[in-house]
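Below is a short note for a colleague who is opening this structure for the first time. Please keep the sequence and the model in view while reading the numbered points.

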Number of protein chains: 2
Amino acid sequence: MARSQDPFSKLHKRSLRIAKLQSIRALLEWDLETYLPKAAGGFRSDQLELLAEEIHKELTSNSYKKALNNFIDIETGKIQGDYPPHLQKAAKEYRKNYLQEMKLPTSFVKKFTKTTSTALPAWDQAKKTNNFSLFAPHLEKIVLLCKKKADLLGYKEHPYDALLDLYEPDLTVKTLTPLFNELKTALTSLLAQIKQKPLPSPLTGHFPKEAQDKLSSYILEKMGFSKETSRLDLSSHPFCTGIHPLDIRMTTRIDPSCPLSSLYSVLHEGGHGLYHQNLPIEHYGTPLCDAISYGIDESQSRLWETIIGKSRAFCHFIHPTLQQLFPEALSHLSTEELYKKVNRVIPSEIRVESDEVTYSLHIILRFEIEKELIEGTLSVKDIPEVWNEKMQTYLGITPSYASKGCLQDVHWAMGGIGYFPSYTLGNLLAAQLFSTIKKAFPDWDKKVQQGEFSFLSTWLKEKIHCHGKLYTASEVIQQVTGKPLGVKDYITYLTEKHL
Amino acid sequence: MARSQDPFSKLHKRSLRIAKLQSIRALLEWDLETYLPKAAGGFRSDQLELLAEEIHKELTSNSYKKALNNFIDIETGKIQGDYPPHLQKAAKEYRKNYLQEMKLPTSFVKKFTKTTSTALPAWDQAKKTNNFSLFAPHLEKIVLLCKKKADLLGYKEHPYDALLDLYEPDLTVKTLTPLFNELKTALTSLLAQIKQKPLPSPLTGHFPKEAQDKLSSYILEKMGFSKETSRLDLSSHPFCTGIHPLDIRMTTRIDPSCPLSSLYSVLHEGGHGLYHQNLPIEHYGTPLCDAISYGIDESQSRLWETIIGKSRAFCHFIHPTLQQLFPEALSHLSTEELYKKVNRVIPSEIRVESDEVTYSLHIILRFEIEKELIEGTLSVKDIPEVWNEKMQTYLGITPSYASKGCLQDVHWAMGGIGYFPSYTLGNLLAAQLFSTIKKAFPDWDKKVQQGEFSFLSTWLKEKIHCHGKLYTASEVIQQVTGKPLGVKDYITYLTEKHL
């Protein structure tokens with residue numbers, strides 16, 4: 001890629017070591033969620049802590065700083081030498097990551113980790129006993145630490161911007177607020193109209209685990225995964241981790257009373273998996289071999305899960321397979337009935353069980369609460385009340401318990417304030433990509449109906465995946481869809497489909 | 001355990017970090033054999049190499065040396081301060097491990113690793129094509145490197161002693177040779193007599209994987225394993241790795257044409273597993289929380305696998321379960337027939353498929369060849385001929401191919417010359433322990449027949465496991481069995497059972 005002893009290569013050697021340590025950490029985290037014997041949980045934390053320390057030590061060492069500074073001036077951002085554009089971009093990302101790492105002192109990181117480690121079991125207990133007050137004092141500490149984090153990281157306009165930046169480098173409260181307001185108005189209006197229509201009954205029956213396993217394998221194979229480079233396991237919460245482009249691990253969860261939960265988890269995690277599998281392996285160990293942002297990553301999973309997976313064409317494709325795998329439960333189900341059932345819109349207390357129409361309202365609610373917490377205009381103790389009011393206003397329902405309301409998600413206990421908006425950005429972008437895809441492949445639905453998905457995976461690979469982090473989120477969205485991120489395509493998609 | 005800032009505690013903090021890195025390496029190796037997507041094999045080597053380097057760097061650092069030297073004088077072995085006996089033993093082991101690590105220069109370790117990395121695929125190819133000459137030049141290099149290794153490590157009498165010491169710290173060629181000669185004479189004579197008796201037919205039929213899985217779980221549960229602290233997976237070669245006393249991972253291999261292969265693998269790996277589960281967790285991160293030697297470890301697995309697992313009492317215990325799990329294949333099999341079948345003695349070309357009578361002859365053959373290779377009295381090119389001659393003399397068979405002869409085992413390609421004797425030491429000690437167990441528990445067979453194994457696991461834990469590396473192999477053998485290691489009990493056990 002470059003001369004063996006030039007500044008880039010020297011830095012790359014160091015960052016490659018860090019990437020390998022991170023990949024080892026990813027494997028330990030995967031194992032934690034899949035196969036680790038329960039009693040070894042404490043020891044696993046020790047192992048993970050050791051790796052985190054090692055990574056932090058390396059990133060903040062004098063020798064790393066020197067190697068980085070020889071490639072790009074840390075102070076000014078001036079690249080030291082004549083490099084091709086992709087290495088210039090790498091230089092900027094290296095510097096950005098470094099500055100971010102250095103802004104958070106080790107003592108702060110330790111305090112943050114300790115606070116969330118204590119908060120997690122408290123949240124778990126609060127959720128189990130439906131008692132918000134058990135979690136509230138921990139959340140207060142976390143909010144304070146997140147404010148401190150924002151101050152340490154720095155921001156121009158709003159402290160929340162600093163937290164957002166960790167997940168969505170291109171976005172700010174200023175751009176997000178009108179986008180989410182527009183979305184909120186459109187979605188609540190759409191939901192009101194959908195509520196006037198008859199509600200299809202849910203899918204019921206018994207769907208044996210073995211047949212669901214076969215379904216999962218079949219879907220992944222159809223998406224283009226090979227067992228040589230990927231695997232699927234079970235975990236209580238489905239996820240995907242790209243340990244390396246040649247080692248993509250996805251998980252699902254099997255519910256014997258409904259095969260759709262696992263089917264759509266597999267499509268979702270498969271969307272992430274394709275992205276991480278197709279990252280530019282030749283740049284492994286540099287920031288170029290990373291996903292652009294959480295939102296771009298989520299757009300890939302949501303495109304496969306909802307827009308493709310819940311299309312009429314996909315239902316035509318999967319219907320015979322479902323009937324073959326579950327003859328007893330599904331012999332009398334027509335394709336159209338299947339389509340209606342998978343697209344059932346009904347407000348739910350629980351975010352992760354939501355349909356594609358109401359999902360983003362859950363996110364907007366969380367974004368608004370987070371923003372006010374960080375601004376200091378909302379107190380932790382008032383969250384349950386505000387939560388329930390917003391749920392009633394946006395979704396027309398009031399959670400029966402705090403456990404099904406503001407205690408349902410783990411993100412805050414993990415200190416992940418700023419993360420939620422990425423979920424909705426993923427939805428918006430997936431719809432915007434879909435508009436482009438329909439133009440590029442007018443017969444997309446015929447292909448999908450025939451179980452022919454390679455047109456899509458190849459297109460996504462060429463347009464997005466293979467560039468890794470060469471472009472910013474805004475650049476990629478503009479290049480691929482011809483316009484900046486907006487809510488129009490998403491609203492149009494939902495309206496055309498559900499009205 | 002000691003004051004927080006005393007020399008031991010300072011050293012312990014460092015060695016704890018090394019132990020954690022080693023535990024991470026163990027997890028990566030487990031994953032390599034169980035779940036790693038094939039294409040990621042090369043990347044897994046990179047990850048393992050990084051961990052090996054990190055461990056070596058830490059062990060050979062000046063700061064580690066200083067911490068060690070403050071606890072025990074590296075030069076003289078004098079312990080620096082007043083410590084209880086277990087920490088005095090720990091000090092000696094710390095020093096021994098350190099000296100061993102320092103005796104092998106990094107350049108040598110790298111050359112050794114590189115040579116075996118190249119030898120492994122060559123051995124694989126040679127085995128597949130039945131062509132010893134493909135492997136011979138690699139083995140020549142490995143023998144030279146092992147000689148060099150022996151010189152670097154140092155020895156008093158025989159260079160092979162230095163290699164043996166890596167696996168069996170207490171043993172030398174001088175003690176092993178007469179032991180093995182006595183064993184060889186006794187076993188060949190016993191085998192000749194057994195050959196006069198009628199040979200039972202092997203177990204045949206179809207044994208579905210699911211039922212075999214149930215059998216494995218049942219056995220592990222009966223041995224006292226909990227899913228909270230252990231697990232069982234599949235791999236092409238069964239093994240056990242103690243990632244931590246709270247994270248014991250065993251594997252087995254399922255052959256649908258015979259359930260005995262997995263049954264006895266599970267008992268074998270379970271024997272190792274109990275040992276590693278019961279190591280003194282309070283000393284984790286010190287050498288006291290290690291197994292004493294490969295031979296002691298193997299005695300645990302062989303005791304459960306052969307002496308207990310192939311006893312008439314065990315057959316009585318497992319017979320109804322086998323009939324219940326495999327009704328079609330086993331409905332007409334009597335307990336006595338089962339006992340005869342699991343104790344079928346027939347010389348095999350393949351070591352790992354051997355019965356308990358002929359197994360040790362395979363090991364003695366390898367020991368003799370290894371010793372001569374290291375002495376320089378045997379050339380690599382002559383191995384196939386010598387191998388076949390010895391096979392004919394000791395076992396009365398001549399391997400049909402080199403692949404089923406001197407190419408069958410991976411150990412030499414891995415550079416593991418000196419390892420094989422541990423297998424037989426395990427057999428000898430298992431029989432010697434069994435003599436003691438029979439005296440301590442005259443009704444052992446009644447308990448086993450009732451599936452009551454806790455008397456045995458508790459006894460092994462108290463007598464051996466919980467001490468970790470507090471005593472040497474010789475000390476433990478003397479303490480527990482009242483005499484030094486010998487062949488008598490083993491021969492008596494085999495003779496009484498098989499004649």
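**Helix packing, cavities and symmetry**

1. In chain A, H8(A) passes H17(A) in a left-handed crossing, a term used when the near helix is turned anticlockwise from the far one by less than a right angle, with right-handed meaning clockwise. Helix H8 covers residues 173-194 and helix H17 covers residues 421-440, and the two pack at an angle of about 65 degrees with their axes 12 Å apart. Helices here are DSSP runs (H or I, at least four residues), numbered from the N terminus, while axes are lines fitted to C-alpha atoms over the stretch in contact, and angles run from 0 to 180 degrees between N-to-C directions.

2. The contact (heavy atoms within 4.5 Å) joins Leu176(A), Leu179(A), Phe180(A) and Leu183(A) of H8(A) to Pro421(A), Thr424(A), Leu425(A) and Leu428(A) of H17(A). By class, seven of these residues are nonpolar, one is polar and none is charged; Ala, Val, Leu, Ile, Met, Phe, Trp, Tyr, Cys and Pro count as nonpolar, Asp, Glu, Lys and Arg as charged, and the others, Gly among them, as polar.

3. The model is predicted, with local features requiring pLDDT of at least 70 and side-chain atom pairs pLDDT 80 or more, whereas totals for chains, interfaces and linings use all residues. Residues are numbered from 1 along each chain as its sequence is written, chains are lettered from A and ligands numbered from 1 in the order in which they are written, and side-chain values use heavy atoms, leaving out hydrogens and water.

4. A second pair in chain A, helix H9 (residues 209-223) and helix H12 (residues 312-325), packs at an angle of about 145 degrees, with axes 10 Å apart, and the crossing of H9(A) and H12(A) is right-handed. The residues of this contact divide into nine nonpolar, one polar and two charged.

5. The structure holds three cavities of 30 Å³ or more, a cavity being a set of points on a 1 Å grid over the protein atoms alone where a 1.4 Å probe fits but cannot get out, with lining residues having an atom within 4 Å of a point. Among the residues lining the largest cavity are Arg302(B), Glu356(B) and Tyr490(B).

6. Chain B can be laid on chain A with an RMSD of 0.1 Å by a turn of 179 degrees and a shift of 0.0 Å along the axis, superposing by least squares on the C-alpha atoms of residues with pLDDT of at least 70 in both. That is the relation of a two-fold axis.

Definitions and conventions:
On a 1 Å grid over the protein atoms alone, a cavity is a set of points where a 1.4 Å probe fits but cannot get out, and a pocket is an open set with protein on both sides within 12 Å along at least five of seven lines; lining residues have an atom within 4 Å of a point. Grid points are joined across faces, edges and corners, and a volume is the space filled by probe spheres set on the points.
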